[in-house]
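Let's take a walk through this structure together. Have the sequence and the 3D view side by side, and we will go from one annotated residue out to the whole fold and back to single positions.

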Amino acid sequence: MSVSQYFDTMDYGPAPESDTDARAWLARHSDGFGHFINGAFTPATAGSLFDTNEPATGKPLARIMQGTQADVDAAVAAARAAQESWFAIGGHARARHLYALARMVQRHARLFAVVEALDNGKPIRETRDIDVPLVARHFYHHAGWAQLQEREFADQVPVGVIGQIVPWNFPLLMLAWKIAPALALGNTVVLKPAEFTPLSALLFAELAAQAGLPPGVLNVVTGDGATGAAIVAHPGVNKIAFTGSTDVGRLIREKTAGSGKSLTLELGGKSPFIVFDDADIDAAIEGVVDAIWFNQGQVCCAGARLLVQEGIAQDFYARLKRRMGNLRAGTPLDKTIDIGSLIAPSQHERVRKLVEIGVKEGATCYQPDISMPVGGSYFPPTLLTNVHPASTVASEEIFGPVLVAMTFRTHDEALAIANNSRYGLAASVWSETIGLALAVAPALKAGVVWINSTNLFDAGVGFGGVRESGFGREGGREGCYEYLKPRAWAKRVARKAADDKPVAAIVDSVAASASLPLVDRTAKLYVGGKQARSDGEQSLGVFGANGKLAGEVGLGNRKDIRNAVAAAHAAASWSATTPHRRAQALYYLAENLSARAAEFAARLVELTGASTDAASKEVEQSISRLFAYGAWADKYEGAVHVPPMRGVALAMVEPIGVVGVVCPDESPLLAFVSLVAPLLAMGNRVVVVPSARHALIATDFYQVLETSDLPGGVINIVTGAAATLLPTLAEHDDVDALWTFGDAALSATAERLSTGNLKRTLVDYGLATDWNDALAAEGPVWLRHATQIKNVWVPYGE
């Protein structure tokens, strides 16, 4: 066509980006890429190489090493050897290194963009205009945190050696999300890129070494899932940071249980895209394009579920179909295209089968009549309407350019459908009524909410999910804490072995108590604000320091835990009450405990053998701790992030929900209060399993609760053996988090059995906390674990 004809038709001609430099770099490694360990590439061993292919053509692109256990060992050893000196050089020196990495990315931006498009199949416009600039932004932003570390994180230390596993949909950007905060805060890294897309990670490592990054600080080991499994299992790795599928994340949670490894998981999603009838329809349709056809829908937070208010649905669908007809598919290096290739034939086949299932289940399929390239793994943009909220395509993550559409009538119905998912990564809300949008956002079960926008990201704004979308945050201050641990916790030592109290008698108190004097009463459980008999109608003997029976408590079982969880859920209004109201309740608890201080001190003397002075001190410390969290209740607040856009991102502090708590034996009253109070202050409801040895402390405490103004169900106490009750708490899908303090076996059980709904866990691995030390047992570190951050993006202006 001539230029005049192009002006007449307004058709785009191809605008290919040159791949000369990228091909030259690949040619320099034509013998195959080794791993990048201790600042250099290892020799490529012919027998261990496998091919990676261009998604757009299916042709081989490069030869990559399959990482072995020996390779992982070498990488971890290099990272371990470098970590202490890397942290020791100080924040300013690390800031300069991260600044150098940011500048390096910008200098080689075009090379990175082309390599990423070739390796992944996404359009060059996306890698050039979104991925690479965000990569540089992450290193700039975290250079700042490195510079400020000594002041802003003075009470924290690095975790150590970090194992990082990144997916194939954003290979370079996910690398930056994980490497930048880890290195900035004094950790060293062993990274495994996805086997489909390892090239940008290898290019980054090569150029990072040229930019002066010390050997061993960053190590890249390539390979398939077996290589990742070796990193997860390696005893020299202190933390695993994983982005990928929920199924693999669940497996990693299980494999790391009891190992002491820190863990963050950013997993799958099925994000709702909600359009109210007062929305700017054309703007919302452009939002849909960005939400589901960006990166061919291979995005964990893709707006894959379109929820449109019934009154505008048909108009919306008609306009959306017209817009779909103008989408352009083509080879990734064509700067005029909207849609590139899926990552591999296997992914293409998965998407195709799920669309077929959707049609069989009653959906209507629309695919525009647009030109699709021949060869490669191309799939057309697809709209499925008439989808039922319970259908397969509405619940399963498709991870392709497929949008499923449903309608709703009311605000409440929109929320019900949106939250009808096991995932909770992101959501998008479209309405010209800002009050409506800001009312919906807090009610959505998601870690990120975009208002009148979608797929906005920034290094200064945390990203991460809830439910089976994982836990932990990446980006911003909240993301920094994922690569740090409290200095006071780093000093913890193994808990002392239990003393020689008659533990055997605790297991079967009925037989043990038969030959002992009668006691005044058998304390009950405390469920839903009331004393309740245990379901099994059995009792548990509690013995004093002198070995004599001090009293009996109910022997709780699985049914009692379930009843307590149900009561906690019924008390959901506590999570919505004001922080001032929660503060008052904690102060009142402290007041009531103070009125009975002598009684509790006497009970501590009886049960633990502590001196009167020590027991009185523990009671006073417990009162002080209640006051402390009363003080924090209306002062631990969110933040207003200012990303590089016309708008703000509101970091909202939210309660987790229902939290199970298993208490240790030491300092039985103070530990109980120290674990429960921060959860209450932040609006959670709790199911507590107190120390079995000292359970009378907890049953005495519920008498304090009965004279307080806490709503029934906010605190529920189930007495019994932790080893028996913990599994039910851990496996319960209506428990949102689990705190377990005790021996190492309990920690392992808590982490292993929490994989069902991927609940957050806080465990001590058998390491003793000094409950009298406010630095270790009180303050913001506990409040961070008692909350989750929801980032709500609010653009403003025309």
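**A guided walk through the model**

Glu266 sits in strand β10, which runs over residues 262-266; helices (H or I, at least four residues) and strands (E, at least two) are DSSP runs, numbered from the N terminus. Before going further, please note that this is a predicted model, in which local features need pLDDT of at least 70 and side-chain atom pairs count only at pLDDT 80 or more, while totals for chains, interfaces and linings use all residues. Residues are numbered from 1 along each chain as its sequence is written, and side-chain values use heavy atoms, with hydrogens and water left out.

Why begin with Glu266? UniProt, in an unreviewed entry, lists Glu266 under "active site". UniProt positions are given in the numbering used here, feature names are shortened, and annotations may be inferred rather than shown by experiment. In the model, Glu266 has a relative accessible area of 4%, so it counts as buried (buried means under 20% relative accessible area, exposed over 50%, and partly exposed in between, with a 1.4 Å probe and protein chains only). Leaving aside residues up to four places away in sequence, Glu266 touches a set of residues that includes Met174, Trp177, Cys300, Phe463 and Glu474; a contact here means heavy atoms within 4.5 Å. Phe242, Thr243 and Gly244 are also among the residues that Glu266 touches.

Now step back to the annotated domain. The unreviewed UniProt entry carries the annotation "domain: Aldehyde dehydrogenase", covering residues 45-486 and 545-766. Residues 45-486 are 43% helix and 17% strand, and the C-alpha atoms at the ends of this span lie 42 Å apart. For residues 545-766, the figures are 51% helix and 18% strand, with the end C-alpha atoms 23 Å apart.

What about the protein as a whole? There are 31 helices and 32 strands. The C-alpha trace spans about 105 × 60 × 45 Å along its principal axes. The radius of gyration is 28 Å, which agrees with the value near 28 Å for a compact globule of 798 residues; this radius is taken over C-alpha atoms, and the globule rule is 2.2 Å times the number of residues to the power 0.38. Of the 798 residues, 59% count as buried. Among contacts between residues at least 6 apart in sequence, 76% join residues at least 24 apart.

The accessible surface comes to about 29500 Å², with 54% of it belonging to carbon and sulfur atoms; accessible areas come from the Shrake-Rupley method with a 1.4 Å probe, and for residues only the protein chains shown count as cover. The protein has 70 positive and 82 negative charges, and their mean positions are 2 Å apart. Lys and Arg count as positive and Asp and Glu as negative, while His and the chain ends are not counted; each charge is placed at NZ of Lys, CZ of Arg, CG of Asp or CD of Glu.

With that picture in mind, let's visit some single positions. Thr256 belongs to helix α10 (residues 246-256) and is buried, with a relative accessible area of 1%. Its contacts, not counting residues up to four places away in sequence, are Val232, Ile240, Lys261, Leu263 and Glu751.

Asp736 lies in the loop between α28 (722-731) and β30 (737-740). Is Asp736 buried or partly exposed? Its relative accessibility is 29%, so Asp736 counts as partly exposed. Asp736 and Gly660 are 76 residues apart along the chain, yet their C-alpha atoms are separated by 8.0 Å. Asp736 also touches Ile656, Gly657, Val658, Lys759 and Arg760, again not counting residues up to four places away in sequence.

Most residues other than glycine have a negative phi. Asn386, in the loop between β14 (382-385) and α14 (392-395), has a positive phi near 60 degrees. Phe399, in the loop between α14 and β15 (402-408), likewise has a positive phi near 60 degrees. Asn386 is exposed at 57% relative accessibility, whereas Phe399 is buried at 17%.

Finally, turn to Thr20 in helix α2 (residues 20-28). Thr20 is exposed, with a relative accessible area of 51%, and its C-alpha is 9.3 Å from that of Leu111, 91 residues away in sequence.
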